[in-house]
Amino acid sequence: MTISDKTNRYIEVVKKQMESIGVLDDADKENLEFLTTQVELYNRALDDLEKNGLTAKDKVGRSTVNPAFNIQRSAMANIIALMKELSISARQRRLLTSAGQTEETDPMDEFLQKINND
């Protein structure tokens, strides 16, 4: 799967933030690749929904849910699970900040706010 510049830029921010607080190790790199794929799937599905809407026509012409909706929903669940696995969920980042381990701002807040507002 070709990964878009948008997804690559996002993952680079995530990597830098993880490195800055010392939570990126070799074992996490494979999970970060999974996260990259899921973010790309999420973005592609969201683009399709914006272009084609929430409904589509099936083979006999009946209205049905756009398949991109299920892809987007599944990718979002996977993203959240991977973020937890990588210790980069918004809640975990706030806990690190409140524990004095980092003063970095949470790079996930903008992403999660965008998702919650969609």
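## The nonpolar core

Start with the largest nonpolar core, which has 17 residues; the members touching the most others are Val14, Met18, Leu32, Leu35, Ile79 and Ile88. Helix H1 (5-20), helix H2 (26-52) and helix H3 (67-85) are the elements that each give two or more residues to this core. A nonpolar core here is a set of buried Ala, Val, Leu, Ile, Met, Phe, Trp, Tyr and Cys residues joined through side-chain atoms within 4.5 Å. Nonpolar side chains tend to be buried together in soluble globular proteins.

A word on where this comes from: the model is predicted, so local features need pLDDT of at least 70 and side-chain atom pairs count only at pLDDT 80 or more, while totals for chains, interfaces and linings use all residues. Residues are numbered from 1 along each chain as its sequence is written, and side-chain values use heavy atoms, with hydrogens and water left out.

## Overall layout

The protein has five helices and two strands, running α-α-β-β-α-α-α from the N terminus. Helices (H or I, at least four residues) and strands (E, at least two) are DSSP runs, numbered from the N terminus.

Of its 118 residues, 36% count as buried, where buried means under 20% relative accessible area, exposed over 50%, and partly exposed in between (1.4 Å probe, protein chains only). Among contacts with a separation of 6 or more, 57% join residues 24 or more positions apart; contact means heavy atoms within 4.5 Å.

## H2 against H3

H2 and H3 pack with their axes 8 Å apart, at an angle of about 150°. Axes are lines fitted to C-alpha atoms, for helices over the stretch in contact, and angles run from 0 to 180 degrees between N-to-C directions. The two helices are therefore roughly antiparallel: that label goes to angles over 145 degrees, with under 35 roughly parallel, 65 to 115 roughly perpendicular and the rest oblique.

On the H2 side, the residues that meet H3 include Phe34, Leu35, Tyr42 and Leu49. Their partners on H3 include Phe69, Gln72, Ile79 and Leu82.

Gln72 lies in helix H3 and is buried, with a relative accessible area of 13%. Beyond its neighbours within four places in sequence, Gln72 is in contact with Tyr42, Ala45 and Leu49.

Thr55 sits in strand S1 (residues 55-57). Skipping neighbours within four places in sequence, Thr55 is in contact with Thr64 and Asn66. Thr55 and Ala68 are 13 residues apart in sequence, and their C-alpha atoms are 9.5 Å apart in space.
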